[in-house]
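Dear colleague,

Please find below the structure that I am handing over to you. My notes on it follow directly after.

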Amino acid sequence: MNSTFDLISVIVTNYNHAKYLDQRMESLLNQTYPNLEIIVIDNCSTDNSLEVLAKYKNRPQVKIVALEKNGGFVNSCNLGVSMSRGEFFIFAEADDYNAPTQIERLHQAMAGHEEIGVAFCRSFMVDGQGKVYDEDFNHRDRSFKKLCSKDTLIPKRLAQRFFLFSCIIPNFSAALFRRKYYDLAGGISAHLKACPDWELWFRIVPHCDFYYLTSPLNYFRRHAKSAQGLMSMQSLITDIMELLYTASRTVDLTFWEQFLFRVNIGVIWGRYRKDAPGIWWKSFPSIWRYSLKYDKLSLMFLMLAFIKRGIQRMIGKA
């Protein structure tokens, strides 16, 4: 088949997001890309998700799979991939939605460029009511912003460094995969429950380049029932520490890059204090003890991170 019309698989994973399913499904059915298969995995929802999905079961491009047992998000994603047929695929999380041209634009960036394994776009961040309140680009590192001020190829060695400092792809709904590189990486793992997406990027990035679109074509919903909101702070921070410290050993960092990386671990750790100060302080002793197995000076770098944030706030107010 001509690459212009490659089959693209869309994998929708849902658990109790009936409230958002119509918006999610309509945003996929209204895509300008003409050749999609949409596989919906309902992970044993206890709300009226299946009633909402029943409206779409007769659409020829839609297949609905209702699981009788909740196997978790990662298992749902991997099941969807195993059932899909496209050379390219995208995970469309059930509470997100996308602009009509998202899949077409991402595919155009990858078609004919075998070295590109993932194309992703800038994302709007929306609340539970669908109100846009931010863009993920605003929270990226200065070096990322400089390179990605326009649509651009991100070579794998540079992408690897970007991922050490932040998860530059805010959620799965922003990214289109080329299947062969996903398979080389071994798919999504449930080992780190707090950040399975970030962990996957680290396993994919040695194999391929990434491509970035500056257009915000993905709408990433953040609300009280998001996976991140339900995760305990201690598990979240220790999972991120394990991921980043382990990944840093595979990257040839200069002394200065290593120093900045260690400060950035402190920045990530300290950032959660604003979300829930009481829980942050209660979790501090156990997280600090955990961090010592990776960095005996972790407390010093946490203090440097607070100093860095304080200086940034002062400059911002000046």
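A salt bridge is taken here as a side-chain nitrogen of Lys or Arg within 4 Å of a carboxyl oxygen of Asp or Glu. This is a predicted model, in which local features need pLDDT of at least 70 and side-chain atom pairs count only at pLDDT 80 or more, while totals for chains, interfaces and linings use all residues. Residues are numbered from 1 along each chain as its sequence is written, and side-chain values use heavy atoms, with hydrogens and water left out.

Salt bridges

The salt-bridge rule gives a count of 11. One of them joins arginine 262 to aspartate 295, with the closest N and O atoms 2.8 Å apart. Arginine 262 belongs to helix 11 (residues 255-275) and aspartate 295 to the loop between helix 12 and helix 13 (298-317), so the pair ties together parts that are 33 residues apart in sequence. Helices (H or I, at least four residues) and strands (E, at least two) are DSSP runs, numbered from the N terminus. Arginine 262 is partly exposed at 22% relative accessibility, whereas aspartate 295 is buried at 5%. For these classes, buried means under 20% relative accessible area, exposed over 50%, and partly exposed in between (1.4 Å probe, protein chains only). Salt bridges with shared partners also join Glu87, Glu114, Arg178 and Lys180 into one network.

A further salt bridge links arginine 140 and aspartate 136, whose closest N and O atoms are 3.1 Å apart. Arginine 140 is buried at 13% relative accessibility, and aspartate 136 is buried at 4%.

Strand 6 and its partners

Strand 6 (residues 116-126) is mostly covered, with 11 of its 11 residues buried. Two strands are said to pair if DSSP finds at least two bridges between them. Strand 6 pairs with strand 10 in the parallel sense over 10 bridges, and phenylalanine 124 stands opposite tyrosine 219 of strand 10. Strand 9 (residues 175-178) pairs with strand 6 in the antiparallel sense over 3 bridges; here valine 118 faces phenylalanine 177.

Strand 7 (residues 132-135) runs antiparallel to strand 6 and is joined to it by 3 bridges. Within strand 7, glutamate 135 is the bridge partner of phenylalanine 124, and aspartate 134 is that of methionine 125. The hairpin of these strands has 5 residues between them, and its glycine 130 takes a positive phi near 85 degrees. The side chain of glutamate 135 also meets that of arginine 122 in a salt bridge (3.3 Å, N to O). That pair links distant parts of the chain, with glutamate 135 in strand 7 and arginine 122 in strand 6, 13 residues apart. Arginine 122 is buried at 15% relative accessibility.

Helix 10 (residues 233-248) has 16 residues and reaches 22 Å from its first C-alpha to its last, close to the 22 Å expected at 1.5 Å a residue (the expected span is 1.5 Å times one less than the number of residues). Among the buried residues are Met233, Ile237 and Tyr245.

Valine 205 sits in the loop between helix 8 (196-204) and strand 10 (209-221) and is buried at 1% relative accessibility. Leaving aside residues up to four places away in sequence, valine 205 touches Lys156, Ala159, Gln160, Phe163 and Phe210, contact meaning heavy atoms within 4.5 Å.

Yours sincerely
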